[in-house]
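You asked for a quick read-through before you dig into this one yourself. Here are my notes, written for someone opening the structure for the first time.

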Amino acid sequence: MNPSLANFILKLSPKDIFNPKPTMNTAIPLNTGATIPALGLGTWQSAPGEVKKAIIHAIEGGYRHIDCAYCYQNEDEVGEALQDVISRGIVKREDLFITSKLWCTFHTRAEEGLQKSLDLLKTPYVDLYLMHWPVPMNPKGNHPLFPKHADGSRDIDTSITHVDTWKNLEALYQSHPEKVKAIGVANYSVKYLTKLLAHSTITPAANQIENHPLLPQQEIVDFCKAKNIHITAYSPLGSTGSPLFKDAGVVDVAKKHNVGPATVLLSYHLARGSSVLAKSVTPARIDENRKLITLDDGDLEALEAIHKKNGVQRFVYPPFGVDAGFPDKPEGIDLSG
Ligand SMILES: NC(=O)c1ccc[n+]([C@@H]2O[C@H](COP(=O)([O-])OP(=O)(O)OC[C@H]3O[C@@H](n4cnc5c(N)ncnc54)[C@H](OP(=O)(O)O)[C@@H]3O)[C@@H](O)[C@H]2O)c1
């Protein structure tokens, strides 16, 4: 045996062997048989002119999971970055995990929505295609992405439901397996997912939700675990400006491990069996966010105490607002009324 490998193995404790340390590319199984890398780079609000450089930097630094969406209006530049790293041999397409999302005004046009994203991303397939929100919006309204009625309220398409949209995604997945490797949902509560599962023939591979110590969403996390639906956590740092960095509970756990708050906030999701998306366009932060550690039960209790003490807080609101019946409740987005 190679002496340095033997030396490395001798230094491993039984705990390391049976409980390997989490890394950014720890492969988490999906119900499709594929795997999703533990850490993804987010691209929401990554401005044109910044996002290409950010993705190239991330992939050169080892990121393999990129979270995109048609509605972020930057998939074209994401595609340029993917083309760049693939053409330079930094990475092969099959070693990347690319997620995109069907926007609300495309619920009746799933194939068109997917094709638009594939063309912009300049990739023949996505690894995961999510219904971005369980709310169809008028495809022929006064704006292609965010249509409104004359009174300013969101132009919701009530002629179909999110279950119909899921059927459209199932048909797309079945007719174009070469273009979409897995389908899933985002922003689903237990109530919505129960409704969807009652009518589905394909179980969503993933549910992407806002998730962090101020919004643990334990109910939907447990429900998805029981149904073999993978959870991906978004806005783990508290979204714009990373407000959770200042939380005293997070800072305490970070001090204990001699790491920064980002490491604690991202590692929290791995400890819960989820993957996590962190957005940054700043090279040093993209690098910093790669560091993940194993949190122990005491750390998880300390992080659990944060929302119990301070109450839950959501940082991202749905694009249709309270007029669609969105109750500002901690248990998740629930629009069924
Ligand atoms: N499915 C959905 O509906 C949905 C909704 C929201 C988000 N998402 C996905 O999840 C991703 C992540 O969520 P998010 O973008 O809301 O927020 P986030 O990742 O929690 O936070 C992003 C913010 O934190 C800053 N930041 C990142 N790393 C940092 C570090 N190490 N130190 C200090 N500041 C740091 C970023 O600044 P800079 O960029 O300036 O460095 C940015 O302001 C999104 O980009 C998107 O891909 C999905």
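**Notes on the model**

1. Let's begin in a loop: Lys 122 sits in the one between α5 and β6. Its phi is positive, about 55°, although Lys 122 is not a glycine. That deserves a glance, because most residues other than glycine have a negative phi. Lys 122 counts as partly exposed because its relative accessible area is 31%, which falls between the 20% and 50% cut-offs.

2. Now the big picture. Keep in mind that this is a predicted model. The protein has 337 residues, and 52% of them are buried. Its secondary structure comes to 12 helices and 10 strands. Among contacts with a separation of 6 or more, 72% join residues 24 or more positions apart.

3. There is another positive phi to look at, in Asn 258. Here phi is near 60°, again in a residue other than glycine. You'll find Asn 258 in the loop between α9 and α10. Is Asn 258 buried or exposed? Its relative accessibility is 71%, so Asn 258 counts as exposed.

4. Helix α9 covers residues 248–257 and helix α10 covers residues 261–271; their axes come within 8 Å and cross at roughly 100°. Because of that angle, α9 is roughly perpendicular to α10. On the α9 side the contact uses Val 250, Val 253 and Ala 254, which meet Pro 261, Val 264 and Leu 265 in α10. Which classes of residue make up this contact? There are 6 nonpolar residues, with no polar and no charged ones.

5. Next, the pair α4 and α5. Helix α4 runs over residues 75–87 and helix α5 over residues 110–121, and they pack at about 45° with their axes 6 Å apart. That angle makes α4 oblique to α5. From α4, the residues involved are Glu 75, Asp 76, Val 78, Gly 79 and Leu 82, and they meet Ser 117, Leu 120 and Leu 121 in α5.

6. Ala 110, Glu 111 and Leu 114 of α5 make the contact with Asn 168, Leu 169 and Leu 172 of α6. The residues here divide into 4 nonpolar, 1 polar and 1 charged.

7. Now for the annotated positions, starting with Tyr 72. UniProt, in an unreviewed entry, places the feature "active site" at Tyr 72. In the model, Tyr 72 lies in the loop between β4 (65–67) and α4. With a relative accessibility of 17%, Tyr 72 counts as buried, because buried means under 20%. Leaving aside neighbours within four places in sequence, Tyr 72 is in contact with Thr 43, Trp 44, Asp 67, Lys 101 and His 132.

8. That brings us to His 132, which the unreviewed UniProt entry lists under "binding site". His 132 is in the loop between β6 (128–131) and α6 (162–175). What makes His 132 count as buried? Its relative accessibility is 7%, and the cut-off for buried is under 20%. Not counting residues up to four places away in sequence, His 132 touches Ala 69, Cys 71, Tyr 72, Lys 101, Leu 102, Trp 103, Ala 186 and Asn 187.

9. Last, look at Arg 154, found in the loop between β6 and α6. Arg 154 counts as buried because its relative accessibility is 15%. Where does the side chain of Arg 154 reach? The backbone oxygen of Phe 146, at 3.0 Å. Arg 154 and Met 137 are 17 residues apart in sequence, with their C-alpha atoms 7.9 Å apart in space.

How values were computed. Residues numbered from 1 in each chain as written. Predicted model: local features only at pLDDT ≥ 70, side-chain atom pairs only at ≥ 80, totals over all residues. Heavy atoms only, no water. UniProt positions renumbered as here; feature names shortened; annotations may be inferred. Helix = DSSP H or I, 4+ residues; strand = E, 2+ residues; numbered from the N terminus. Buried < 20%, exposed > 50% of the residue type's maximum accessible area, 1.4 Å probe, protein only. Contact = heavy atoms within 4.5 Å. Axes fitted to C-alpha atoms, helices over the stretch in contact; angles between N-to-C directions. Parallel < 35°, antiparallel > 145°, perpendicular 65-115°, else oblique. Nonpolar A, V, L, I, M, F, W, Y, C, P; charged D, E, K, R; others polar. Polar contact = N/O pair within 3.5 Å; in protein donor to acceptor, adjacent residues only side chain to side chain.
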